Amino acid sequence: MQRDQSGQRTANETHIKGQQQEYQQSRQQQYYPYHNEQQQFKHQTQQSQQQQNGSMQIKNSQTGQLSRVKGPEMNDRDRLNDMLATEKYLTDNYNVFAREASHRSLYQDVQQIHSQTHQEIRGLFNLMFEKGWYTLQAESTQQVSQAHQQFSDYQTQFASSQQQGYGQQGYRQS
Amino acid sequence: MNQNYQQQQRMSEPPSIITNKDLLYLEDAMSWELLACKKAASYANECQDPQIQQRCDQMAQMHQHHYQMLLKHVAPQTQQENLYQYNQTSNQTTNN
């Protein structure tokens with residue numbers, strides 16, 4: 001998720017990269033230089049290939065506003081991506097600031113700013129998803145179940161035998 | 001100050017005073033907010049899509065608000081209040 005939100009990745013349409021292994025045929029296409037129409041075309045082919053494979057792509061259709069813009073000037077999507085990068089930079093730095101702040105009232109304010117900036121990032125991401133600029137790939141239920149099995153088994157390694165974990169009942173009970 | 005420190009009870013947390021490190025961070029943070037605010041405001045003007053425009057406006061406002069929150073921490077009034085409070089509490093503990 002985090003990586004999908006990266007401004008750079010969407011700006012360059014490299015989110016397709018993650019699917020590389022599955023699509024040997026389209027490998028050549030993936031390294032085409034940046035061009036909006038080609039990207040859209042790639043999207044469609046990827047989508048149909050995916051449906052054949054049975055995995056699910058989560059995506060809104062693009063509004064088509066942007067494909068007309070081909071010049072070096074910034075478009076709306078670039079601007080949103082840039083703002084997203086800015087907000088991300090801010091949260092990184094506020095994270096450090098909050099940790100290093102001396103007294104309580106300063107700490108609280110910094111934390112509040114930090115969390116509001118995070119919310120803004122979430123809002124930006126949702127807006128961009130709504131516009132159809134983010135493609136998410138659902139993992140197969142089989143893979144997810146496998147992970148669940150594996151990490152359920154690991155639970156024997158915890159010191160406490162408590163199954164609930166970190167709950168209201170207190171994790172210090174022994 | 002040194003005397004106070006020896007006589008008074010141990011402080012359970014740092015007093016509300018801006019340290020040198022706090023100030024450096026505050027200065028940095030305020031310049032980040034100022035830049036982010038300007039950028040969002042200028043993007044709001046340039047954007048075609050009204051939804052994105054509104055989002056940028058909103059962001060500009062948020063950053064301005066954050067800037068003002070931070071600025072308050074270095075305001076002379078806050079500093080005076082903090083110092084006053086600090087002296088009060090250290091006097092109290094020495095008197096007891």
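How many residues does the contact take from chain B, and how many from chain A?

1. The contact takes 22 residues from chain A and 28 residues from chain B; please keep in mind throughout that this is a predicted model. On the side of chain B that touches chain A, helix H2 (20-46) and helix H3 (50-74) of chain B each supply at least two residues, and the largest share, ten residues, comes from H2(B).

2. Of its 96 residues, 21% count as buried. Among the contacts in chain B with a separation of 6 or more, residues 24 or more positions apart account for 68%.

3. Chain A has six helices and two strands, and its pattern, read along the sequence, is α-α-α-β-α-α-β-α. Of the 174 residues of chain A, 16% count as buried, and 63% of its contacts between residues at least 6 apart in sequence join residues at least 24 apart.

4. H3(B) deserves a look of its own. With 25 residues, H3(B) reaches 37 Å from its first C-alpha to its last, which is close to the 36 Å expected at 1.5 Å a residue. As a general point, an α-helix has 3.6 residues a turn, so residues three or four places apart point the same way.

5. How do H5(A) and H3(B) lie relative to each other, roughly parallel or roughly antiparallel? Their axes come within 11 Å and cross at roughly 175 degrees; because angles over 145 degrees count as roughly antiparallel, the two helices are roughly antiparallel to each other. On the H5(A) side the contact is made by Leu106(A), Asp109(A), Ile113(A), Gln116(A), Glu120(A), Leu124(A) and Leu127(A), while H3(B) contributes Gln51(B), Arg55(B), Met59(B), Met62(B), His66(B), Met69(B) and His73(B). The residues of this contact divide into seven nonpolar, four polar and three charged.

6. The largest nonpolar core has 27 residues, and those with the most contacts inside it are Met83(A), Ala40(B) and Cys56(B). Helix H4 (76-100) and helix H5 (104-130) of chain A, together with H2 and H3 of chain B, each supply at least two residues of this core, and H2(B) gives the most, with seven residues. Leaving aside residues up to four places away in sequence, Ala40(B) touches Met83(A), Cys56(B), Met59(B), Ala60(B) and His63(B).

7. Turning to another part of chain A, helix H6 (residues 141-154) has 14 residues, which at 1.5 Å a residue should span 20 Å, and this agrees with its end C-alpha atoms being 20 Å apart. The number of buried residues in H6(A) is zero, so this helix lies largely in the open.

8. Is Ser140(A) buried or exposed? Ser140(A), which lies in the loop between strand S2 (136-137) and H6 of chain A, is exposed, with 12 other C-beta atoms within 10 Å. Ser140(A) and Ser55(A) are 85 residues apart in sequence, and their C-alpha atoms are 6.5 Å apart in space.

How values were computed: Residues numbered from 1 in each chain as written. Chains lettered and ligands numbered in written order. Predicted model: local features only at pLDDT ≥ 70, side-chain atom pairs only at ≥ 80, totals over all residues. Contact = placed C-beta atoms within 7 Å. Helix = DSSP H or I, 4+ residues; strand = E, 2+ residues; numbered from the N terminus. Expected span 1.5 Å × (residues − 1). Buried ≥ 20, exposed ≤ 12 C-beta atoms within 10 Å, placed from the backbone. Core = buried A, V, L, I, M, F, W, Y, C linked by C-beta atoms within 7 Å. Axes fitted to C-alpha atoms, helices over the stretch in contact; angles between N-to-C directions. Parallel < 35°, antiparallel > 145°, perpendicular 65-115°, else oblique. Nonpolar A, V, L, I, M, F, W, Y, C, P; charged D, E, K, R; others polar.
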